[in-house]
Amino acid sequence: MSSRSSERLLGLLANGERWTAALLAQELGLSVRSVRRGLAQLQQEGCVLDSEPGRGGGVRLARRSSLPRTALSQRELITVMMGLVFSGAERGAQQALRQRVRVGAAASEAVRADWRPPRPAALAEVQQAFFAQQCLHIRYQDGTSQSSEREIEPHYLLINAPAWYLLAWDVNKQATRCFRLDRIRQARPLDRRFLRRPEVQLMSEAEQGLGPFFKPL
C-alpha cells in the first residue's frame, strides 16, 4: 500500500464511522485483499482497532489507540489527529481545520539540531485550544532562554519538519507572532473564543521568518 493510500486509510478509520473492508476498498480504489493487509499492518504498528462483526458492523480506529510506532509523515499525523477529534457528521469542520494546518520546507540544520519533543501537558492544551478556536495563555521560552507570559489566538499550525510552530495573534502586543511548540513551557485555554483573522495578515509575516510556500494540508 502506498503512503498516500495508508494516509487515507488512517483518516477513514479515525473519522468515527465503522467501515467494512469492501467499503474501504471502494473508497480507496484498492482491492479488499490490499485493505486487509493494510489493516493488519496498522495493528502490527500499534494501532488499536474497534471491530464489530455481523450486519451493520465494521472497523474503526479506537479512541484509546496510539499512533503507529513507525514514523508517520506530518500529514498523516494531522489526518489521524483530526479524525479522532471529529466524527463523520462533522467533516465540514474537519475540512475547515485542514486549511489551518500548513506545510512548508524542511527546517534548517540549526533548527533540526535544536528541536526537542514538545512537553506533552502543554501540547495537549495547545491542541485543545487550536481545535476549538479558544484563546490561550502560554508561558514561552525563546531561543535566548528569556521567558514571557502571552495571551494568544492560535490561528495556524505550521510545519517545517521536524519543527512545528503555532502562528498566533498576540492579544497584548496586537501583532502576529510565531511560537515553536517545543518552547511552550505551559499552556492554558481561556474561556474565550476568537474569529479567524485574514490569512494574508498572518501568513505574510510567518513566511518572512520561516520561508515561503506554506501549503494547506
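**Salt bridges and surroundings**

Mentor: E52 and R18 form a salt bridge, with their closest N and O atoms 3.5 Å apart. A salt bridge here is a side-chain nitrogen of Lys or Arg within 4 Å of a carboxyl oxygen of Asp or Glu. E52 lies in strand β1 (residues 49-52) and R18 in the loop between α1 (3-13) and α2, so the pair ties together parts that are 34 residues apart in sequence. Helices (H or I, at least four residues) and strands (E, at least two) are DSSP runs, numbered from the N terminus.

Trainee: What kind of model is this, and how are residues numbered?

Mentor: This is a predicted model, in which local features need pLDDT of at least 70, side-chain atom pairs count only at pLDDT 80 or more, and totals for chains, interfaces and linings use all residues. Residues are numbered from 1 along each chain as its sequence is written, and side-chain values use heavy atoms, with hydrogens and water left out.

Trainee: Is E52 buried or partly exposed?

Mentor: E52 is partly exposed, with a relative accessible area of 39%. R18 is partly exposed too, at 27%. Buried means under 20% relative accessible area, exposed over 50%, and partly exposed in between (1.4 Å probe, protein chains only).

Trainee: How many salt bridges does the structure hold?

Mentor: The structure holds 8 salt bridges. One of them joins R180 and D114, with the closest N and O atoms 3.0 Å apart. R180 sits in strand β7 (residues 175-180) and D114 in helix α6 (residues 109-114), so this pair ties together parts that are 66 residues apart in sequence. R180 is buried at 5% relative accessible area, while D114 is partly exposed at 36%.

Trainee: Which residues are linked in a network with R180?

Mentor: D114, R180, D182 and R183 are linked in a network of salt bridges.

Trainee: And what about D170, where is that?

Mentor: D170 is in strand β6 (residues 163-170). The D170 side chain meets that of R150 in a salt bridge (3.0 Å, N to O). That pair links distant parts of the chain, with R150 in strand β5 and D170 in strand β6, 20 residues apart. D170 is buried, with a relative accessible area of 1%, and R150 counts as buried at 16%.

Trainee: What else does D170 touch?

Mentor: Leaving out residues up to four places away in sequence, D170 touches R150, E151, I152, A175 and R177. Contact means heavy atoms within 4.5 Å. A polar atom of the D170 side chain also lies 3.0 Å from the backbone nitrogen of K173.

Trainee: New topic. Where is the cis peptide bond?

Mentor: The bond from A161 to P162 is cis, with omega near 5 degrees. P162 lies in the loop between β5 (147-160) and β6. Most residues other than glycine have a negative phi, and most peptide bonds are trans.

Trainee: Which residues have a positive phi without being glycine?

Mentor: Among them are Q133, with a phi of about 55 degrees, and S145, with a phi near 70 degrees. Q133 lies in the loop between α7 (120-132) and β4 (134-141), and S145 in the loop between β4 and β5.

Trainee: How many disulfides?

Mentor: The structure holds 0 disulfides, where a disulfide is a pair of cysteine sulfur atoms within 2.5 Å. C135 counts as buried at 2% relative accessibility, whereas C178 is partly exposed at 31%.

Technical notes
A polar contact is a pair of N or O atoms within 3.5 Å; within protein, one must be able to donate a hydrogen and the other to accept it, and residues adjacent in sequence count only if both atoms are side-chain atoms.
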